[in-house]
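Colleague: I would like to go through the labels used for this chain and see what each one rests on. Take them in turn, please.

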Amino acid sequence: MKYEIKGGNFPIVICELEKGESLKTQSGGMAIMSPHVRMETNTDGGVLKGLGRALTGDALFLTHYIAEEDNQKVSFASAFPGKIIPMELDGTNTIIGAKNAFLVSEESVNFETVFRKKLGAGLFGGEGFILQKFTGKGLVFLEVDGEVLEYNLEPGEKMFIEAGHLAAMDETVDFDIERVKGAKNMLLSGEGLFLGTLTGPGRVWIQTMPLSIFIDNIMPYITTK
């Protein structure tokens, strides 16, 4: 499959499929499609797998786009200003993405919702932190809010983040939380009581403008009548 990402801060990925090649998505982000592409919508793995996604806020159904002739194009647009980043899976590596990071992937990529239950202290209502796990072999495209920064953490190297800024990471990276030190920092910094901690080895992708934080920042300026 060939692809091209255009659009700057309002990105779109244009995928060119040969006959028999297919893509799958749950986002509803399809923007442009050639006439000889067939759409099929199903639970992608059975009702139980679909219900598992739905219970965590993801889509019950996935839509598949299958090329019926060569040189067919399907384009998917991001839902928010930011970036679309391609991730290549070789059958041995695993990518963990933030909830709602998934835009579209080749059929050979497996997608499931996972929980990081060790993110404790009741911070996430006892339900764990919801993430997306990508395995298999092929390309997956992730949506990143704002700009994206990539880091390669050495074994034992640690990085602190506000949890909403995590876009994706290698499965080898350990993701946990730590309490902010110092009473004044906890009460007056505006950063909350906890910070996310990322510990290497592995790659980490950070997004600069998480949608949830953006909404929180503009809410005081939105009035209702």
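Modeller: A strand here is a DSSP run of type E with at least two residues, numbered from the N terminus. Gly-136 is placed in strand S12 by that rule. Keep in mind that the model is predicted.

Colleague: What is Gly-136 in contact with, leaving aside its neighbours within four places in sequence?

Modeller: Gly-136 contacts Leu-89, Asp-90, Gly-91, Ser-108 and Asn-110. Leu-89 is 47 residues from Gly-136 along the chain, yet their C-alpha atoms are separated by 6.3 Å.

Colleague: Why is Gln-72 called buried?

Modeller: The limit for buried is under 20% relative accessible area. Gln-72 has 6% relative accessibility, so the residue counts as buried. Gln-72 sits in strand S7. Beyond four places in sequence, Gln-72 touches Cys-15, Glu-16, Leu-17, Ser-34, Pro-35, His-36, Val-37 and Ala-67. With one of these, Leu-17, the C-alpha to C-alpha distance is 5.1 Å across 55 residues of sequence.

Colleague: Glu-16 is on that list. Which side chain of opposite charge is nearest to Glu-16, and how far away is it?

Modeller: That is Lys-73, at 4.6 Å. A salt bridge needs a side-chain nitrogen of Lys or Arg within 4 Å of a carboxyl oxygen of Asp or Glu. Glu-16 is therefore buried without a salt bridge. Glu-16 belongs to strand S2, residues 12-17. Apart from residues within four places in sequence, Glu-16 has contacts with Met-1, Lys-2, Glu-21, Asn-71, Gln-72 and Lys-73.

Colleague: What makes S1 and S2 a pair?

Modeller: Two strands pair if DSSP finds at least two bridges between them. Strand S1 (residues 2-6) and S2 have 5 bridges, in the antiparallel sense, so by that definition they pair. Lys-6 has Ile-12 in S2 as its bridge partner. The hairpin has 5 residues between the strands, and Gly-7 there takes a positive phi near 105°.

Colleague: Why is Asn-100 called partly exposed?

Modeller: Partly exposed covers the range between the buried limit of 20% and the exposed limit of 50%. Asn-100 has a relative accessible area of 48%, so it is partly exposed.

Colleague: How do you know that Arg-38 and Glu-40 form a salt bridge?

Modeller: Side chains of opposite charge can pair when their charged atoms come close. For Glu-40 and Arg-38 the N to O distance is 2.9 Å. The cut-off is 4 Å, so the pair qualifies as a salt bridge. Arg-38 also forms one with Glu-68, where the closest N and O atoms are 2.9 Å apart.

Colleague: Are Arg-38, Glu-40 and Glu-68 buried or exposed, or in between?

Modeller: In between. Arg-38 has 33%, Glu-40 has 34% and Glu-68 has 39% relative accessible area, so each falls in the partly exposed range.

Colleague: What about Lys-133 and Glu-171?

Modeller: Their side chains meet in a salt bridge at 3.6 Å, N to O, which is also within the 4 Å cut-off. This pair too links distant parts of the chain, 38 residues apart: Lys-133 is in strand S12 (residues 129-145), and Glu-171 is in the loop between strand S15 (166-170) and strand S16 (174-179). Glu-171 is partly exposed, with a relative accessible area of 41%. As for the network, shared partners join Arg-38, Glu-40 and Glu-68 into one. The salt bridge count comes to 6.

Colleague: Which peptide bond is cis?

Modeller: The one from Gly-200 to Pro-201 is cis, with omega near 25°. Pro-201 is in the loop between strand S17 (194-199) and strand S18 (202-207).

Methods. Residues numbered from 1 in each chain as written. Predicted model: local features only at pLDDT ≥ 70, side-chain atom pairs only at ≥ 80, totals over all residues. Heavy atoms only, no water. Helix = DSSP H or I, 4+ residues; strand = E, 2+ residues; numbered from the N terminus. Buried < 20%, exposed > 50% of the residue type's maximum accessible area, 1.4 Å probe, protein only. Lys, Arg positive; Asp, Glu negative; His and termini not counted. Contact = heavy atoms within 4.5 Å.
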